[in-house]
Amino acid sequence: MAPQMATSLDISHRKTEAAPETAAARKNLLGLTRDELGAALALIGLPKNQIRMRTTQLWNAIYTRGQSDFAEMTTLSKELREKLAGHFVVARPEIVTEQKSVDGTRKWLLRLASDRPGLPGPEVETVYIPEEGRGTLCISSQVGCTLTCTFCHTGTQKLVRNLTAGEIVGQLMVARDALGEWPNSGRNADDRLVTNIVMMGMGEPLYNFENVRDALDIVSDGEGLSLSKRRITLSTSGVVPMIERAGAEIGSMLAISLHAVNDETRDKLVPLNKKYPMAELLEACRNYPGLSNARRITFEYVMLKGVNDSLADAKELVRLLKGIPAKINLIPFNPWPGSPYECSDWAQIEKFADVVNRAGYASPVRTPRGRDIMAACGQLKSETVKARASERFKKADAQPSA
Ligand code: SAH
Ligand code: SF4
């Protein structure tokens with residue numbers, strides 16, 4: 001491969017065959033919407049009357065067949081394949097490590113493209129949770145998080161940056177690569193391994209709104225990855241003004257990290273509550289479009305010993321959610337090194353769950369998965385730090401070690 005160079009080439013005025021010389025100058029097509037893909041093809045001089053058809057062919061190569069090497073895209077002419085390879089790449093995040101839990105959960109540490117020449121790219125985690133009859137992929141939306149929920153490991157890592165739409169879709173592509181889930185693997189297309197997606201990895205998805213929206217549009221496009229929005233759940237800590245926009249522009253299922261039944265406790269657990277208190281949050285939930293008994297909001301509630309797990313809390317939880325088509329998900333607290341809480345006792349979780357069950361909510365306790373590889377809810381964190389400008393310059397001067 002040609003050495004990476006820090007130059008970026010403006011190809012917008014080019015209508016000729018001349019190709020950018022370096023890999024770094026080649027635009028990544030992964031994560032472009034159909035319109036953006038069409039515009040990219042127009043920029044390299046494809047005739048207007050071909051754009052639509054070629055966009056569809058390319059879309060299917062990338063998202064239906066999982067191809068990333070243009071040479072393999074034999075539905076396109078040889079000439080076009082060569083031209084595409086001169087200008088573009090289809091690049092997924094790179095797997096740094098893969099871990100497999102005793103319960104079958106898999107976790108990948110992924111390296112994203114570097115933002116700065118000479119420095120390795122930032123890292124995020126993606127988790128695959130196989131269950132009877134379904135498989136859920138837990139996807140990250142940010143490296144780190146701006147929010148500081150006190151029970152969450154990711155909350156101890158400062159925000160490094162938002163993921164691009166390509167990096168969000170790329171997590172599903174990498175999982176399908178690793179699981180062998182593309183059509184050429186010989187698997188029956190109906191027998192899917194990743195059947196559901198939850199935006200519950202690192203970061204607050206509603207603080208990376210446009211990229212999450214575009215990525216989920218690509219993932220749910222009827223051609224290609226084709227995962228229905230009803231099988232995609234976006235979890236938010238409660239960014240009230242963006243919940244309405246999510247309803248209008250994303251239309252996935254919604255999960256709310258509630259975790260408390262009054263503002264005093266929630267202020268401590270989810271500090272964003274001071275900005276958007278519970279009454280406003282629940283009002284935004286009531287207004288979320290398309291709610292019905294078949295389409296409910298999931299309320300997540302992490303069980304913290306002596307903090308939010310009394311039976312009075314359970315009763316108040318049921319009272320608060322009255323009138324909202326809701327599911328309740330009790331999450332046993334997953335500890336991480338230095339975490340300031342303990343998980344509630346099992347007996348207490350069961351009593352709490354009983355109150356919730358009797359109010360008509362079915363099997364609300366989420367079994368922790370992948371704890372042995374730190375892949376369970378709230379345990380994700382990467383070593384990537386937000387380097388100060390002075391440190392960045394120092395490192396950029398030095399020879400990168402890996
Ligand atoms: N930022 C979003 C999505 C990522 S967190 C959000 O906060 O909703 C995904 C879920 O894991 C949230 O419900 C979060 O509250 C929960 N969680 C975080 N830390 C946890 C921990 N240590 N144990 C159990 N659940 C945790
Ligand atoms: Fe961020 Fe969600 Fe963790 Fe809170 S729980 S710190 S919003 S990732």
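This is a predicted model: local features need pLDDT of at least 70, side-chain atom pairs count only at pLDDT 80 or more; totals for chains, interfaces and linings use all residues.
A search of the whole structure finds two cavities of 30 Å³ or more. The largest cavity has a volume of about 500 Å³, and the second largest cavity has a volume of about 40 Å³. The lining of the largest cavity is made up of 29 residues. Those that lie nearest its centre are Phe151, Cys152, Met200, Ser257 and Gly378. Two elements, β10 and β12, each give two or more residues to this lining. Sorted by class, the lining of the largest cavity holds 14 nonpolar, twelve polar and three charged residues.

Ligand 1 is surrounded by 21 residues. The closest of them are Phe151, Ser235, Ser257, His259 and Asn334. Phe151 and Ser257 are also among the residues nearest the centre of the largest cavity. Of the shell around ligand 1, ten residues are nonpolar, nine are polar and two are charged.

In serine 257, an N or O atom of the side chain is 2.6 Å from an oxygen atom of ligand 1. In asparagine 334, the atom concerned belongs to the backbone: an N or O atom there lies 2.9 Å from a nitrogen atom of ligand 1. Cysteine 377 likewise has a backbone N or O atom at 3.3 Å from a nitrogen atom of the ligand. On its own, ligand 1 has 520 Å² of accessible area, and the protein covers 95% of this area. Two or more residues of the shell come from each of the strands β10 (232-236), β12 (297-303) and β13 (326-332).

The residues around ligand 2 are Cys145, Leu147, Cys149, Cys152, Gly155, Gly203 and Ser237. Four residues of this shell are nonpolar and three are polar, and no charged residue is present. Cys152, which belongs to the shell of ligand 2, is also one of the residues nearest the centre of the largest cavity.

The second largest cavity is lined by Ser252, Met253, Leu254, Tyr288, Leu291, Arg295, Arg296 and Ile297. Its lining divides into five nonpolar residues, one polar residue and two charged residues.

Strands β5 (123-131), β6 (134-138), β9 (196-199), β11 (253-257) and β13 each supply two or more residues to the lining. The largest share comes from β13, with five residues. By class, 20 residues of the pocket lining are nonpolar, ten are polar and eight are charged.

Key:
Residues are numbered from 1 along each chain as its sequence is written. Chains are lettered from A and ligands numbered from 1 in the order in which they are written. Side-chain values use heavy atoms; hydrogens and water are left out. A residue is near a molecule or strand if one of its heavy atoms lies within 4 Å of it. A polar contact is a pair of N or O atoms within 3.5 Å; within protein, one must be able to donate a hydrogen and the other to accept it, and residues adjacent in sequence count only if both atoms are side-chain atoms. Accessible areas come from the Shrake-Rupley method with a 1.4 Å probe; for residues, only the protein chains shown count as cover. Helices (H or I, at least four residues) and strands (E, at least two) are DSSP runs, numbered from the N terminus. Ala, Val, Leu, Ile, Met, Phe, Trp, Tyr, Cys and Pro count as nonpolar, Asp, Glu, Lys and Arg as charged, and the others, Gly among them, as polar. On a 1 Å grid over the protein atoms alone, a cavity is a set of points where a 1.4 Å probe fits but cannot get out, and a pocket is an open set with protein on both sides within 12 Å along at least five of seven lines; lining residues have an atom within 4 Å of a point. Grid points are joined across faces, edges and corners, and a volume is the space filled by probe spheres set on the points.
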